[in-house]
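Here is a short briefing on one protein chain. Look over the sequence and the model, then read the points below.

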Amino acid sequence: MRRLVTTFTLLVFILGWVASPARAYTLQYTDNSAAVRIKWPTNTIRITLSNSLASPPANIKPGSDVLGAVRRALARWSEAASIQFIETSSDALNISPNGGGDGNSLITVADTPENRAIFDSADRTGRTRVFYDPAAGTISEADVVINPAAQFSTDGTPGTYDLEATFTHEIGHVLGLEHSNEAGSAMQPRQGINGLYEQAAFSARTLSDDDRAGAHALYASGESFGSINGTVSDSQGKPSAAAHVWAEDIQTGKVVAGNSSLPDGSYRIEGLPAGEYRIVSNHARESLRPFNVAAGQTVRQDIALDTEKATLKPNVFGSNGHLSTIAVPVAQGRRYTIFVGGEGLDQVSGSGIKITSPFIKVNPASLTLQSGINYEHPIISFDVELSADAPLGDYSIRLQSKTGEVAYIPGGLTVDSASGATDPGRREASRAAIAGTLGITGGFLESFLAH
């Protein structure tokens with residue numbers, strides 16, 4: 001392993017971290033037993049656009065395409081979930097109070113005392129309040145508000161959040177989706193700021209396979225897609241709660257869908273297109289034998305964890321002088337230097353790094369252990385090269401220590417035509433000096449429910 005000596009200081013800005021809930025994250029449920037799903041009773045949803053969208057407040061860059069951003073976000077989810085959104089307008093500025101709704105599912109960007117009171121930080125970019133029947137799980141209203149204290153744009157202005165990406169995330173909550181643990185998902189709980197990885201943060205506008213699977217699970221026919229279920233157990237054979245489990249496509253290596261185990265150790269991944277998959281989980285006793293999932297079929301796959309060996313814990317990653325928890329946008333046919341930081345990373349060899357796809361190759365000889373960085377855990381870097389025909393989607397980084405322990409960053413790299421991936425000519429400067437600063441950054445996107 002090569003060691004690159006650097007003298008810069010690592011500035012840590014970890015914003016919007018969220019603990020993984022002890023329930024399935026792809027779908028929202030009324031209780032931890034997952035007895036009832038939260039969803040709209042029909043595939044026709046009436047959405048009310050506040051007139052504030054046409055006259056946005058000062059925290060949204062002048063000239064931003066606010067209405068266009070909302071409508072494009074609605075169109076993406078409409079296509080994914082086979083939902084018809086019926087658009088109306090209103091002079092209303094504030095979302096409904098927690099105590100009760102008014103029957104209108106309002107999307108607003110208004111800067112009012114009521115809307116400001118909903119947020120406790122400028123790093124929380126948006127929130128969605130969902131009203132539903134707890135017995136039936138049927139949604140009757142879902143209101144979206146954009147944080148008046150955060151700065152937004154629609155043109156990638158550095159230092160602002162991408163408004164369209166925020167709308168895309170929040171409308172997923174409107175449909176009943178929970179947060180995802182897949183780093184490239186629009187429904188993951190942190191939003192990257194424009195300028196992260198020296199790029200505009202546009203990739204979160206688009207829906208990942210994981211987002212689409214969640215929409216399919218809620219609104220598509222059960223006969224059209226397959227599912228995987230099973231139990232997750234720890235090294236003592238006891239149920240393991242909140243374990244992240246995901247399915248990868250065998251042919252491409254893409255992350256297709258995931259979920260978290262419930263308190264009884266059970267998990268279920270739904271909305272899967274028919275295909276050949278492997279099931280993966282962090283710190284699992286790996287059994288990556290492929291299996292087929294057909295439409296309308298449920299395949300059982302139980303998972304055993306080696307929790308006693310959990311010393312390899314990657315927690316930040318990135319490129320171009322930035323570390324974060326946001327998927328790194330990469331482009332077809334290019335090379336990149338990827339950085340990963342976390343516990344036990346100094347025990348990973350070059351041969352122990354893989355991207356779980358035949359379309360993305362790691363150069364083992366490029367492995368470098370960073371030093372002189374003011375960060376509590378080791379940081380390594382390595383080079384990856386994408387084939388020109390790498391399919392769009394999210395890919396996991398697999399790390400294996402010298403003792404054989406395996407850990408993943410699920411969906412850590414995203415191949416996305418909307419990413420505007422940085423010219424690879426910058427990678428050498430990044431690798432040699434990382435521009436003097438590594439910023440660990442991200443925003444926070446959160447939904448909250450009201451009966």
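**Surface and overall make-up**

The model is predicted. Its chain holds five helices and 28 strands.

**Burial and contacts across the chain**

- The chain has 451 residues, and 58% of them are buried.
- Take the contacts in the chain with a separation of 6 or more: residues 24 or more positions apart account for 74% of them.

**A four-stranded sheet**

- Four strands form an open sheet in the order E20-E26-E25-E22, and the pairing is mixed.
- Strand E20 (328–330) and strand E22 (348–355) are the edge strands, each pairing on one side only.
- From one strand to the next, the twist averages 35°.
- Strands of a sheet pair through backbone hydrogen bonds, either parallel or antiparallel.
- Strand E25 (residues 393–401) and strand E26 (residues 406–415) run antiparallel, joined by seven bridges.
- Gln 400 stands opposite Val 406 in E26.

**Ser 240 in its loop**

- Ser 240 sits in the loop that links strand E10 (226–233) and strand E11 (244–249).
- Is Ser 240 buried or exposed? Its relative accessible area is 12%, so Ser 240 counts as buried, the cut-off being under 20%.
- Setting aside neighbours within four places in sequence, Ser 240 is in contact with Val 232, Ser 233 and Asp 234 among others.
- The contacts of Ser 240 also include Ser 261, Leu 262, Gly 265 and Leu 305.

Note on methods: Residues numbered from 1 in each chain as written. Predicted model: local features only at pLDDT ≥ 70, side-chain atom pairs only at ≥ 80, totals over all residues. Heavy atoms only, no water. Helix = DSSP H or I, 4+ residues; strand = E, 2+ residues; numbered from the N terminus. Buried < 20%, exposed > 50% of the residue type's maximum accessible area, 1.4 Å probe, protein only. Contact = heavy atoms within 4.5 Å. Pairing = 2+ DSSP bridges. Axes fitted to C-alpha atoms, helices over the stretch in contact; angles between N-to-C directions.
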